[in-house]
Amino acid sequence: MKLSEFQRAVSDEFGAGYGQALMTDLVLPDLGNRTPKEAIADGLPPRDVWIALCKETGVPPSHWYGAGKPAPQR
């Protein structure tokens, strides 16, 4: 997952405002008690941060994979 895909996934799943609040305020135990923003800044892979964020916030597993990728063009 690229950083841009991660950012799109957060916005799509949580909305722009709430997603940004989660990025800066939610401390994730699975990421060493860092916020998603801190984890990304520390170099953790965006996919790992996305999965930890999903687990912590109760996002259903069906939304975890493929998130952030644009819809295929037909």
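Student: How many helices and strands does the chain have?

Tutor: This is a predicted model. The chain has four helices and zero strands. Along the sequence the pattern reads α-α-α-α.

Student: How do I describe two packed helices?

Tutor: Use the angle between their axes and the distance between the axes. Take α1, residues 3-14, and α4, residues 46-57. They pack at about 15°. Their axes lie 9 Å apart.

Student: Is α1 roughly parallel or roughly antiparallel to α4?

Tutor: Angles under 35 degrees count as roughly parallel. The angle here is about 15°, so α1 is roughly parallel to α4.

Student: Is the crossing of α1 and α4 left-handed or right-handed?

Tutor: Right-handed, as α1 passes α4.

Student: Which residues of α1 and α4 meet?

Tutor: α1 brings L3, F6, A9, V10, E13 and F14. α4 answers with P46, V49, W50, L53 and T57. Next, sort them by class. The contact has nine nonpolar residues, one polar and one charged.

Student: Now the whole chain. What percentage of the 74 residues is buried?

Tutor: Count residues under 20% relative accessible area. Buried residues make up 32% of the 74.

Student: What share of the contacts joins residues at least 24 apart?

Tutor: Start with contacts between residues at least 6 apart in sequence. Of these, 48% join residues at least 24 apart.

How values were computed
Residues are numbered from 1 along each chain as its sequence is written. This is a predicted model: local features need pLDDT of at least 70, side-chain atom pairs count only at pLDDT 80 or more; totals for chains, interfaces and linings use all residues. Side-chain values use heavy atoms; hydrogens and water are left out. Axes are lines fitted to C-alpha atoms, for helices over the stretch in contact, and angles run from 0 to 180 degrees between N-to-C directions. Helices (H or I, at least four residues) and strands (E, at least two) are DSSP runs, numbered from the N terminus. Angles under 35 degrees count as roughly parallel, over 145 as roughly antiparallel, 65 to 115 as roughly perpendicular and the rest as oblique. A crossing is left-handed if the near helix is turned anticlockwise from the far one by less than a right angle, and right-handed if clockwise. Contact means heavy atoms within 4.5 Å. Ala, Val, Leu, Ile, Met, Phe, Trp, Tyr, Cys and Pro count as nonpolar, Asp, Glu, Lys and Arg as charged, and the others, Gly among them, as polar. Buried means under 20% relative accessible area, exposed over 50%, partly exposed in between (1.4 Å probe, protein chains only).
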